[in-house]
Amino acid sequence: MIVTVKKNADEKSLNQLIQSFIAKGLQVNDSVGSDYHILGLIGDTTVLDEKSIKANPIVDDVTRIAAPYKKANRLFHPEDTIIDVNGIKIGGNEKIVVIGGPCSVEGLDQICQLAKDVKDAGAVMLRGGAYKPRTSPYAFQGLETEGILDMVEARKQTGLPIVSELMDSNQLPEFEKYVDIIQIGARNMQNFTLLKAVGKSKKPILLKRGLANTIEEWIMSAEYIMASGNPNVILCERGIRTFEKYTRNTLDLSVVPIIKEKTHIPIIIDPSHATGNWKYIEKMSLAAVAAGADGLIIEVHEQPECAWSDGAQCLKPEKFKHLSEKAREIAHVVGRDL
Ligand code: PEP
Ligand code: MN
């Protein structure tokens, strides 16, 4: 970190500032030029708060050189993290995982039938929401515990591990007991209490990118989970809010190489919530695989027009099957398998 000090700074305040950095275990290189007086801070600057340093009247400016995250940082963990979910590996150069299932669990028969369909189509995991973050309080809110137990039965019948969204830490014991991957939805990406709670778990956490969050904010949320003790994080890009109206969100595929460069964490893509339209999902899935994503999570429904949530972005099982066959071809082109 570089702290630019005002030329007329008094000796006493300057010494106090330098000592405050030394007390935090940092080395301070003090250089006085003809125009600038610079303090170069060497060491673990993640503990520093730039805004407080800037509030010091003798400070002109503060520039962070190192990223504010440590555990997620590839610099300190050069090898890819590979997450093991009941023997299925996510990340590194492992097979690209395809996760399919409805937006919401709608009942035992529905989820068990869909589990069989997505498995036949090439999915290796089942998704399904039992606690739903709906914009309207009058919209279907999810089957809650009953939905989770229906997913458990679908897993029993197909062997597919199950992914479901956790909205409140009160539900954590239930998720610990039944769910294989705990999803933290876009709307909760910066619910720091919830992030710390799942950080106490050992379950893999699928952390979706917030609707309007920068990549650094997203990585910092992963850092929260990791700093609380859970290294099993998988990131999921699901589109961000922009001015564009022809899609529900804008799929930011540039995150794939960026996340791979800055972190060692696996990243999967959700083209369903990103586009909001079943017509665009296959193309965006192929692009995601070509970009180097470690997996896809896709909403599938037997009768999208009757789905209890997100019908417009659900693929019918046969379309989902076509998608996963095509995605396999692209995976081979980029030296992966699926
Ligand atoms: C979902 O997966 O159904 C969901 C609500 O996702 P997101 O948090 O990305 O909107
Ligand atoms: Mn959905």
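This tour visits salt bridges and a metal site in one structure.

The model is predicted: local features need pLDDT of at least 70, side-chain atom pairs count only at pLDDT 80 or more, and totals for chains, interfaces and linings use all residues. Residues are numbered from 1 along each chain as its sequence is written, chains are lettered from A and ligands numbered from 1 in the order in which they are written, and side-chain values use heavy atoms, leaving out hydrogens and water.

**Stop 1**

Start with salt bridges. Side chains of opposite charge can pair when their charged atoms come close. Here a salt bridge means a side-chain nitrogen of Lys or Arg within 4 Å of a carboxyl oxygen of Asp or Glu. The whole structure holds 13 of them.

Select E50 and R64. Their side chains form a salt bridge, 2.9 Å from N to O. E50 sits in helix α2 (residues 50-54), and R64 in the loop between β4 (59-63) and β5 (83-85), so the pair ties together parts 14 residues apart in sequence. Helices (H or I, at least four residues) and strands (E, at least two) are DSSP runs, numbered from the N terminus.

Are these two residues buried or exposed? E50 is partly exposed, at 27% relative accessibility. R64 is buried, at 19%. Buried means under 20% relative accessible area, exposed over 50%, and partly exposed in between (1.4 Å probe, protein chains only).

**Stop 2: R209 and D252**

Select R209 and D252 next. This salt bridge also has an N to O distance of 2.9 Å. R209 is in the loop between β11 (205-208) and α7 (215-227), while D252 is in the loop between β12 (233-237) and α8 (255-262), 43 residues apart. Both residues are buried.

**Stop 3: R127 and E299**

Move to R127 and E299. Their side chains meet in a salt bridge at 3.4 Å, N to O. R127 lies in strand β8 (residues 125-127) and E299 in strand β14 (residues 295-299), so this pair ties together parts 172 residues apart in sequence. R127 is buried at 3% relative accessible area, and E299 is buried at 0%.

**Stop 4: the manganese ion**

Keep E299 selected and show ligand 2, the manganese ion. Which residues coordinate this ion? They are C103 (SG), H273 (NE2), E299 (OE) and D310 (OD), at 2.0 to 2.4 Å. Donors are N, O and S atoms within 2.8 Å of the metal (3.2 Å for Na, K and Ca); water is not among the atoms, so sites may look incomplete. Along the sequence, the donor residues follow the spacing C-x169-H-x25-E-x10-D.

Finish on C103. C103 lies in the loop between β7 (97-101) and α3 (108-120), 196 residues from E299 in strand β14. C103 is buried, with a relative accessible area of 3%.
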